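Please read it with the sequence and the model side by side.

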Amino acid sequence: MRSYRAFLDRAIRSPEAFWAEEAKLIEWQRPFSRVLDYSRPPFARWFVDGTTNLCHNAIDRHLAARAEQPALIYVSTEIDVEQTFTFRQLHQEVNRFAACLKGLGVVRGDRVLIYMPMVPEAVFAMLACARIGAIHSVVFGGFASLSLASRIDDAQPKLIVSADAGSRAGRIVPYKALLDEAIERSKAPPGSVLLVDRGLAPMRRLAGRDHDYAELRSRHLDAAVPCEWLEASEPSYILYTSGTTGQPKGVQRDTGGHAVALASSMGKIFCCNAGETYFATSDIGWVVGHSYIVYGPLLAGMATVLYEGTPVRPDGAILWRIVERHRVSVMFSAPTAIRVLKKQDPALLKRHDLSSLRLLFLAGEPLDEPTARWISEGLGKPVVDNYWQTETGWPILAIARGVEAIPAKFGSPGLPCYGYSVKLYDEHTGQEVGPNTKGVLAIEGPLPPGCMTTVWGDDERFVKTYWHSVPGRTVYSTFDWGIRDDDGYYFILGRTDDVINVAGHRLGTREIEESICSHPGIAEVAVVGVADQLKGQVAVAFAVVRDARAVELPQQRKNLEAEVMKQVDSQLGAVARPARVHFVTALPKTRSGKLLRRSVQAICEGRDPGDLTTIEDPTALEQIRSALVSA
Ligand code: ATP
Ligand code: MG
């Protein structure tokens, strides 16, 4: 523990010396003249005057040592295809893509919106943008036209890259028609659309605007497009947050800090080595996909798996089959994916040879102890919780096992990652709280390299949204609520607005959810606070059972509800006991798998559920409604 503490200390006390050292992990065209410019807080500029290129660092620089090694491994259980691109082949494809973009008039600083399924061309497009200095904005392929249109309006892309269709759980999902609809709605329609035709769905093409990628590519087979050398603080991409707590924000990422932070995290947090294979089950439309499907592994000289498919098709062992087949060393997934697997036969975890796998990282939502134990024991591998946000681009809290493998504690993502000065404040007084006291989690500026530099096109919103929520202080905060124990480990209790107040007692919905989840019959649960005349608020739970047959009859539901309540009583006390436990087969989540507690709460209180453009499955909200009616 002493060596990690010292490391963390050095990063906070002498950030310039610390990050100058980490900056050696990437190649610079021109060295930076200053490590940090924080003359205009809270805006931080890292590696001032240094020029570099993300695509160069992700691909070109590896050609000398590993041109013939795999770089991108595409696995689709949707269309039954597997295709591996070596670094040399990836380089070639990215050059071709870059030539197409340039041919369509895209230049440095232009935005390119990428609305694509999980196919290699999506990765080529991202890297090609990075190569020519265009700013990509990947929009999750599952979004419908309204969400897409609002992002087009905000980013104002010169060009959009898209495809005829994606496929989800074996069903074709047409993209092009949605895109046309979105462009029609949008106030800033792009000049061109570049289309990858997968042959999955018919598409109409608009002459003069829509271009066929295969056709254009064939004209640029031998393209060699030089990298644009960007100043470190030039934007590399814009990515919109999930929208769990409201209107998505356009997170702007720089170039130099981004490259350094990711390269550093690959070794110090993810314990990876060049030549190995990394597998993140996320989607390129999310930040995990940006950082740890595309840029991180490639910067580290690793092969990365791009998986188009679900964790349960053709069966619940598919992720492990991919690990075995491609000798995956390190995996990254989300608690929500593991909860899906929990409803499957645990024997599936043992079916494949997982000897190559060293670590499984999980992030995106609180990792409850029962889920962590289930997967860790099932696989016989350490599971590493890590806490971060679209805004930060890499972990804020984790056990940086590459620095020192200090012991983990269940329920805690660990300690602050080097570079983050993490604090907990009383939300009313703004005073720092001591150990074992709940507080608002915040980070003192400057944010370390790799974190968002501003909200795209709106510096004021950046300052207002992120830096002014703790009274009397200018600290970065996104309303997460946490607690630190005597050993300095942090526990995330959920969002500050997930706190409920029952007869004067403040309870985190997460604590109640954890307790309910530890019941062997429950796979997943959402707890919300609902206004109550007598107590102020009461907790109401919506639970998904592992086996639907267990709640078929009214009497069964009653019994299970009573059991769950008893369990909460004994673990947390009667004050935390939910007033009702309803059983549903699905919970309303964002497309990135986060619970939409606010919408559930609104429905329980008879209010409008709010902006639902990012919801995964609208019928899940219907289930909440009918559960309430039939209760
Ligand atoms: P928006 O900001 O638009 O409401 P969002 O916060 O859901 O959307 P993300 O940036 O994808 O968008 O999610 C980051 C949030 O996810 C964190 O602020 C935290 O609430 C939660 N989170 C991520 N990882 C963890 C973790 N390991 N443990 C607990 N919570 C986590
Ligand atoms: Mg957020």
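Two residues are in contact when heavy atoms of theirs lie within 4.5 Å. The model discussed here is predicted.

**A buried threonine in a loop**
- Thr 241 is found in the loop that runs between β14 (237-240) and β15 (250-253).
- The relative accessible area of Thr 241 is 8%; because this value is under the 20% cut-off, the residue counts as buried.
- Leaving aside residues up to four places away in sequence, Thr 241 touches Arg 151, Pro 248, Lys 249, Val 251, Thr 390, Glu 391 and Tyr 466.
- A polar atom of the Thr 241 side chain lies 3.2 Å from the backbone nitrogen of Lys 249.

**An enclosed helix**
- Helix α13 (residues 335-342) is largely enclosed by the rest of the structure, because seven of its eight residues are buried.
- The buried residues of α13 are Pro 335, Thr 336, Ala 337, Ile 338, Arg 339, Leu 341 and Lys 342.

**A hairpin of two strands**
- Strands β9 (residues 165-168) and β10 (residues 171-174) run antiparallel and are joined by four bridges.
- Within this pairing, Ala 165 stands opposite Pro 174 in β10.
- Two residues lie between the strands of the hairpin, and Ala 169 takes a positive phi near 50°.

**Salt bridges**
- The whole structure contains 45 salt bridges.
- One of them links Lys 158 with Asp 110, whose closest N and O atoms are 3.0 Å apart.
- Lys 158 lies in the loop between α7 (145-155) and β8 (159-163), and Asp 110 in the loop between α5 (87-103) and β6 (111-115), so the pair ties together parts that are 48 residues apart in sequence.
- Lys 158 is partly exposed at 33% relative accessible area, whereas Asp 110 is buried at 14% relative accessibility.
- Glu 21 forms a salt bridge with Lys 24, with the closest N and O atoms 3.1 Å apart; Glu 21 is partly exposed at 43%, while Lys 24 is exposed at 60%.
- In the salt bridge between Asp 212 and Arg 205, the closest N and O atoms are 3.3 Å apart; Asp 212 is partly exposed at 21%, and Arg 205 is partly exposed at 39%.
- Salt bridges also link Lys 176, Asp 180, Arg 209 and Asp 210 in a network.

Terms used: Residues are numbered from 1 along each chain as its sequence is written. Chains are lettered from A and ligands numbered from 1 in the order in which they are written. This is a predicted model: local features need pLDDT of at least 70, side-chain atom pairs count only at pLDDT 80 or more; totals for chains, interfaces and linings use all residues. Side-chain values use heavy atoms; hydrogens and water are left out. Two strands pair if DSSP finds at least two bridges between them. Buried means under 20% relative accessible area, exposed over 50%, partly exposed in between (1.4 Å probe, protein chains only). A polar contact is a pair of N or O atoms within 3.5 Å; within protein, one must be able to donate a hydrogen and the other to accept it, and residues adjacent in sequence count only if both atoms are side-chain atoms. A salt bridge is a side-chain nitrogen of Lys or Arg within 4 Å of a carboxyl oxygen of Asp or Glu.
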